[in-house]
Amino acid sequence: MVQHGDRSVIATNRRARHHYTIVDTYEAGLVLVGTEVKSLRLGRASLAEAFATVDGGEVWLRNLHIAEYWHGSWTNHTPRRTRKMLLHAKEIRALNVRARETGFALVPLSMYFSDGWVKVELALARGKKNWDKRRDIAARDAEREMARGIGWQLKGRPAEKGRRRPPEDPVLRYSP
């Protein structure tokens, strides 16, 4: 687990920011059983296919995989069971209205321990189209190239475009 200030991250959904534009984020608690918490303390969880729904005034996290605890016996949990999320009623009502709009989804971004409690960072997100993804990749590459050029200038070298060429060797060069 990775420590970030007062919270230790259990799992992150790295693909969520690539596939979705994050509109708003919420911090929610999670209702778990004992063996799930023990398995999470070992860092055995995956948010890759998880999503949330609002049903009957409650928010449910579906398809979250928490591996079975290896010391557990008949008390072990089901790895992909539906888990209840704990949010304020006002937040649930707002999520219910926004999530029903077309193109929106409730996606978990990360799961972490905060003061001993398991929390989930839940995002209200809009799905990206392929051209949006390509534009984001192009912008990220452009920023990387600018940072590389600034680094070259700070080191006292001239900024170069493209790849660096090896010095020309007169032996390898021939004239016709």
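The structure is a predicted model, in which local features need pLDDT of at least 70, side-chain atom pairs count only at pLDDT 80 or more, and totals for chains, interfaces and linings use all residues. Residues are numbered from 1 along each chain as its sequence is written, and side-chain values use heavy atoms, with hydrogens and water left out.

**Overall fold**
- The protein has four helices and ten strands, taken as DSSP runs (helices: H or I, at least four residues; strands: E, at least two) and numbered from the N terminus.
- Starting at the N terminus, the order of elements is β-β-α-β-α-β-β-β-β-β-α-β-β-α.
- Of the 176 residues, 31% are buried (under 20% relative accessible area, 1.4 Å probe, protein chains only).

**Nonpolar cores**
- A nonpolar core is a set of buried Ala, Val, Leu, Ile, Met, Phe, Trp, Tyr and Cys residues joined through side-chain atoms within 4.5 Å.
- The largest one holds 28 residues, with Leu40 and Met85 having the most contacts inside it.
- Another core, of five residues, lies apart from it and includes Ala16, Val107, Leu109 and Ala123.
- Beyond its neighbours within four places in sequence, Met85 is in contact (heavy atoms within 4.5 Å) with residues including Ala28, Val59, Trp60 and Leu122.

**Helix H4**
- H4 covers residues 130–154 and spans 36 Å from first to last C-alpha, close to the 36 Å expected (1.5 Å times one less than its number of residues).
- Asp132, Lys133, Gly149 and Trp152 are the buried residues of H4, and they pack against helix H1 (16–19).
- Just after H4, Gly156 adopts a positive phi of about 85 degrees.

Key: Buried < 20%, exposed > 50% of the residue type's maximum accessible area, 1.4 Å probe, protein only.
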